[in-house]
Amino acid sequence: MFDNLSDKFQRIFKNLRGQGKLTEENIREALREVRMALLEADVHYKVAKDFVTGIAERAVGQEVMTSLTPGQQVIKIVNEALTDLMGGQSEPLRLIGKPPVCLLMVGLQGSGKTTTTAKLARKLVQEHRKPCLVPADVYRPAAIEQLVTLAGQINLPVYPSTVRQKPEEIAREAQGYAREHNCDTLIVDTAGRLHIDTELMGELGRLKEILQPAEILLVADAMTGQDAVQVASAFHETLGLSGVILTKLDGDARGGAALSIRAVTRCPIKFIGLGEKLDALEVFHPDRMSSRILGM
Amino acid sequence: LGRKKIDMDLLDELEEVLITSDLGVRTTQLLLEKVADKIKRQELKDPQKLRDQLREEITRILSVESSAWDPRSARPFVIMIIGVNGVGKTTTIGKLAHQFKSEGLKVMLVAADTFRAAAVEQLSLWGERVNVPVVKQKSGSDPSAVAFDAMDAAVSRGMDIVLLDTAGRMHTKVNLMEELKKVQRVVNRKDPSAPHEILLVLDASTGQNALSQARLFKEEIGVTGLILTKLDGTAKGGIIVAISDELQLPVRYIGIGESLDDLRPFDPEEFTRALF
Ligand SMILES: Nc1nc2c(ncn2[C@@H]2O[C@H](COP(=O)(O)OP(=O)(O)OP(=O)(O)O)[C@@H](O)[C@H]2O)c(=O)[nH]1
Ligand SMILES: Nc1nc2c(ncn2[C@@H]2O[C@H](COP(=O)(O)OP(=O)(O)OP(=O)(O)O)[C@@H](O)[C@H]2O)c(=O)[nH]1
Ligand SMILES: [K+]
Ligand SMILES: [Mg+2]
Ligand SMILES: [Mg+2]
């Protein structure tokens, strides 16, 4: 197969032994490889460009440390910068406010919202919270049944929505329902929608108004390509996202969308989805994601 | 791109357009190298011509030669729909059923996704919407058993078209790919010419990973064509250029929405024009 980035760097820097400074010339060649790796991982064109420019400034003129080869040193700089850009460390959910505290799940069609709603609920139960699930997708065929089925697998209460209700009505009534059932957390699953669908984006704005959510989480597919930037910025502009969940990382996608989304929204990626089962949700680790994106 | 002359900036701009449309680094470089040669030899001087040449080249790549799409060539004509999670398989089956039915064909849906929560209910609702029968068993049953029953039912009820829905699965998961092969084997044992088409559904918002999906599904299952969904968004789906180039798989249809009639035949020229 192809060389990985480390092998390529080994070649680029083979003549530069552990003395002297990293020069503009050898850095430039190495950064061309970094840019390629980022683009192959689906990092957005402009995000990749800005990133590489930033690295060049950071790296040129640095003393080559004796403990590392120049190639390793550049990889270290790149990896650290990438990790920083993705938030440095993992961030927990912020479930503050008067109960029931609400989490609003939003995103494109098929990104994994309904599944992730149930996964999150399962996680919260482990943290001794009492979540109630709220199906507010009245459009997709059997969306309500899907969430009801998942809730049944983990024995959690579900607000009994029907497709004859409006999502706004569901949102209003679910709060009372949660209180009656002694639930302290509401997780609201919404219908998938395109970021350019003004009518449905407006609906999300109204749901936000009604629910006053503590977290608005964008659920995004890790396989997303260059479009991730437009999608994330549109959802962020309309709603003011508080976090991101990246799904379907159990495949072989490099997941550059993570970097694109983070770069345009500055929102922390809080969790990653690693499978269809309800236990397949993990805390996001920026350093692991960085290595994955770079293909190392 | 309204420039007067061809220079490095124009080539950079084209690179950006192609990459942000998800064509990928390799395909973009191949395309640009072709025109760069002509520019060097002074054969290409006009930016408009440059753009036309690129479009022509992309259209050529996308116009994959393949056997005709002929659902009337067998009875029942069995179409298996496969792909990774959430790309639009079940919805596309609803749309295809609607189309075939309006052409006067007798269509049957098969709920061979017995795994995902409410997948059977979702397909059943599409069956009701289009008013076609759905063969199903309870959730959790063996998908190949569902397919086995469906093949018998289709013959005895004189169906023209059988549309087989399968569970979404990562192309990298060996056991799930084996499960899919088993469904395929069962269908094939009932009718040695079936499945007549195995369509891989790809989501236009997917980036470079779609190439890996197409490679592995083709290798393992033997894909005969593609359907590109969700082109009603802002994603361009440019990765199919790389897929067409490498795997020679024809794109049969595109999906442009969530309703019954949001399915269109694929038109390489129109697709290319939407890129730049
Ligand atoms: N492999 C894998 N599949 C996942 C993951 N998360 C969700 N899925 C699957 O992706 C598909 C879509 O998930 P849903 O939860 O229905 O997505 P959604 O965003 O609610 O979809 P819509 O409501 O139609 O917009 C289903 O087949 C899920 O099982 C994940 O982390 N890994
Ligand atoms: N905007 C848009 N949405 C689509 C299109 N096709 C499907 N969808 C939506 O995408 C989501 C997923 O569609 P499904 O048909 O359930 O996808 P699937 O591949 O069967 O999913 P799994 O069975 O869970 O793997 C649903 O919300 C559909 O309405 C399309 O062409 N455009
Ligand atoms: K998707
Ligand atoms: Mg859903
Ligand atoms: Mg399905």
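Colleague: What should I know before reading any value?

Modeller: This is a predicted model, where local features need pLDDT of at least 70, side-chain atom pairs count only at pLDDT 80 or more, and totals for chains, interfaces and linings use all residues. Residues are numbered from 1 along each chain as its sequence is written, chains are lettered from A and ligands numbered from 1 in the order in which they are written, and side-chain values use heavy atoms, with hydrogens and water left out.

Colleague: How do you know which residues of chain A and chain B are in contact?

Modeller: Contact means heavy atoms within 4.5 Å. By that rule, 36 residues of chain A are in contact with 38 residues of chain B.

Colleague: What makes up the area that chain A and chain B bury?

Modeller: Buried area is the accessible area (1.4 Å probe) that two parts lose on being put together, summed over both. Here it is about 3,200 Å², with 57% on carbon and sulfur atoms. In chain A, Y45(A), M223(A) and E276(A) lose the most area to chain B. Together they give 20% of what that side buries.

Colleague: Why is the pair E16(B) and K46(A) called a salt bridge?

Modeller: The term needs a side-chain nitrogen of Lys or Arg within 4 Å of a carboxyl oxygen of Asp or Glu. In E16(B) and K46(A), the closest N and O atoms are 2.9 Å apart. That is within 4 Å, so the pair is a salt bridge. The rule finds three salt bridges across the interface of chain A and chain B.

Colleague: Which elements of chain A touch chain B?

Modeller: Helices (H or I, at least four residues) and strands (E, at least two) are DSSP runs, numbered from the N terminus. The elements giving two or more residues to this side are α2 (24-40), α3 (45-59) and α6 (143-153) of chain A. By class, the side has 11 nonpolar, 13 polar and 12 charged residues. Ala, Val, Leu, Ile, Met, Phe, Trp, Tyr, Cys and Pro count as nonpolar, Asp, Glu, Lys and Arg as charged, and the others, Gly among them, as polar.

Colleague: How do you know which residues surround ligand 1?

Modeller: A residue is near a molecule or strand if one of its heavy atoms lies within 4 Å of it. For ligand 1 there are 23, and the closest are G112(A), K113(A), T114(A), T115(A) and R140(A). Ligand 1 lies between chains A and B. Helix α5 (residues 113-126) of chain A gives the most to the shell, with four residues.

Colleague: Why does N85(B) count as a polar contact of ligand 1?

Modeller: A polar contact is a pair of N or O atoms within 3.5 Å; within protein, one must be able to donate a hydrogen and the other to accept it, and residues adjacent in sequence count only if both atoms are side-chain atoms. A polar side-chain atom of N85(B) lies 3.3 Å from a nitrogen atom of ligand 1. That is within 3.5 Å, so it counts. For D250(A), the distance from a polar side-chain atom to a nitrogen atom of ligand 1 is 2.8 Å.

Colleague: What makes up the shell around ligand 2, by class?

Modeller: The shell around ligand 2 has three nonpolar, 11 polar and eight charged residues. Helix α4 (residues 89-102) of chain B supplies the largest share, four residues. Ligand 2 also lies between chains A and B. One of its oxygen atoms is 2.9 Å from an N or O atom in the side chain of R116(B).
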